[in-house]
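Hi everyone, thanks for making time this morning.

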Amino acid sequence: MSEQMRIMRSKELPEELRDRTVARHRPGQGYKKISAALKVPKSTVASIILKWKPFGTTRTLPRAGCLAKLSYRGRRALVREVKKNPKMNVAKYRDILDKNLLQSAQDLRLGRRFTFQQDNDPKHTAKITKEWLHNNSVTVLEWPSRSPDLNPVEHLWRDLKMAVHQHLPSNLTELERICKEEWQRIPKSRCEKLVSSYP
């Protein structure tokens, strides 16, 4: 492969080249002939033609949605940070139960007669989680493995995700702060409605 072909693959194709490719293809010239005439890889010719056919243009069209706040490098840094310091593990999960489960049951006026639902995530089935639930007399709904997702909290996660997405956090600290703020904004009536919608 020539140096010129390698350069063509590695950067945005010039508009003039795209136009010349389409101009040669319109009367029926094949990919191989266009590739040889313009000194570009056949895959580049195919890519240009495949973009031109459905849209009628080779111009870069505006994309739907808002522009990303994080660069590619920033997103990779964020992923590395989350991998180094996960947001959830068994100890954190048990701590969440300890601080929130019984209080939430009280706030929702469920008393001590409620059934707690969780799936078979390893954090949920860990020994320390089971011990905490047993020691606090929490009845847990038996959850079969490979069951369909029937957990109402999944709808809340979606609500939270949509709300957080509106803010477009630019770093991990901002993400955590926005998550907490938006979680607090979810009304209790939304939770009650989700729970009552399940048989």
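Let's begin with helix α2, residues 15-25, and helix α4, residues 42-55: their axes come within 10 Å and cross at roughly 80°. Before I go on, please keep in mind that this is a predicted model. Why start with those two values? Two packed helices are described by the angle between their axes and the distance between the axes. An angle from 65 to 115 degrees counts as roughly perpendicular, so α2 and α4 are roughly perpendicular to each other.

Which residues make the contact? On the α2 side we have R18, T21, V22 and H25, and α4 brings V45, I48, I49, W52 and K53. If you sort the residues of this contact by type, you get five nonpolar, two polar and two charged.

Now let me pick out one of them, T21, which sits in helix α2. Is T21 buried or exposed? Its relative accessibility is 0%, and buried means under 20%, so T21 counts as buried. And what does T21 touch? Leaving aside residues up to four places away in sequence, T21 touches I34, L38, V45, I48 and I49.

K39 has a phi near 55°, a positive value in a residue other than glycine. You'll find K39 in the loop between α3, residues 31-38, and α4. S137 has a positive phi too, near 50°, and again this is a residue other than glycine. The loop that holds S137 runs between α8, residues 127-135, and β2, residues 139-140.

Finally, let's zoom out. The protein has eleven helices and two strands, and along the sequence they follow the pattern α-α-α-α-α-α-β-α-α-β-α-α-α. There are 199 residues, of which 23% count as buried. The protein exposes about 15,100 Å², with carbon and sulfur atoms supplying 54% of that area. As for contacts, take those between residues at least 6 apart in sequence: 58% of them join residues at least 24 apart.

That's my tour, and I'm happy to go back to any part of it.

Conventions:
Residues numbered from 1 in each chain as written. Predicted model: local features only at pLDDT ≥ 70, side-chain atom pairs only at ≥ 80, totals over all residues. Heavy atoms only, no water. Axes fitted to C-alpha atoms, helices over the stretch in contact; angles between N-to-C directions. Helix = DSSP H or I, 4+ residues; strand = E, 2+ residues; numbered from the N terminus. Parallel < 35°, antiparallel > 145°, perpendicular 65-115°, else oblique. Contact = heavy atoms within 4.5 Å. Nonpolar A, V, L, I, M, F, W, Y, C, P; charged D, E, K, R; others polar. Buried < 20%, exposed > 50% of the residue type's maximum accessible area, 1.4 Å probe, protein only. Areas by Shrake-Rupley, 256 points an atom, 1.4 Å probe, with all protein chains shown as cover.
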